[in-house]
Amino acid sequence: MPHFIIHCSKDTLKLHTEDEIIGQVNLSAISTELFHKQDIKVRVIIFDRYSTGDKKENFIHVFANIMEGRTMEQKASLSKTIVKDLASLLPSVPHIGTNVVEFEKASYFNKNMLDPNYKFSMP
């Protein structure tokens, strides 16, 4: 937690590599100071077949899945930071967006939590 799932068109990767895009989203998330650096996870899913309205244009969309407990302002700032930074990295990509979805703490579980000494913390 948090998990950033990047969906992008295949041709977007002609502009920057997957690692560069992953790195930018990671840096954007770190810059918000909402997460512990070591907890941030970023992945990319590439699409060859897609539509963007009535055209086929490059796109990138980041689905930010975070633990509940942040304010609406913090979530909006996270979205804006990611879009702003990706727009700087990929100025020719016409469709760049982000949305934030919250995990419920009560139903979240990971392997570390099997350790009886584990203490969950958020920045």
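In this predicted model, strand 1 is largely enclosed by the rest of the structure, because six of its seven residues are buried.

H3 stands opposite K41 in strand 2 and opposite N65 in strand 3, while H7 stands opposite H61 in strand 3. N65 in turn has V101 as its bridge partner in strand 4, where strand 3 and strand 4 (residues 95-103) run parallel and are joined by nine bridges.

| Strand pair | Sense | Bridges |
|---|---|---|
| Strand 3 and strand 4 | parallel | nine |

Turning to the side chains, the count of aromatic pairs comes to four. One of them joins F4 and F35, whose ring centres lie 5.9 Å apart and whose planes meet at 80°, so that the pair is edge-to-face, the angle being over 60 degrees. This pair links distant parts of the chain, since F4 belongs to strand 1 (residues 3-9) whereas F35 lies in the loop between helix 1 (18-31) and strand 2 (41-47), 31 residues apart. F4 counts as buried, with a relative accessibility of 0%, and F35 likewise counts as buried, at 7%.

Another of the pairs is formed by Y50 and F59, with ring centres 5.0 Å apart and planes at 70°, so this pair, too, is edge-to-face. Y50 has a relative accessible area of 19% and is therefore buried, the cut-off being under 20%, and F59, with a relative accessible area of 12%, is buried as well. Ring pairs link Y50 and F59 with F47 into a cluster. Y50 has a further contact of another kind, in that the charged end of K56 sits over the ring of Y50, at 4.9 Å from the ring centre.

How values were computed. Residues numbered from 1 in each chain as written. Heavy atoms only, no water. Phe/Tyr/Trp six-rings, centres within 6.5 Å; stacked < 30°, edge-to-face > 60°. Helix = DSSP H or I, 4+ residues; strand = E, 2+ residues; numbered from the N terminus. Buried < 20%, exposed > 50% of the residue type's maximum accessible area, 1.4 Å probe, protein only. Lys NZ or Arg CZ within 6 Å of the ring centre and 35° of its normal. Pairing = 2+ DSSP bridges.
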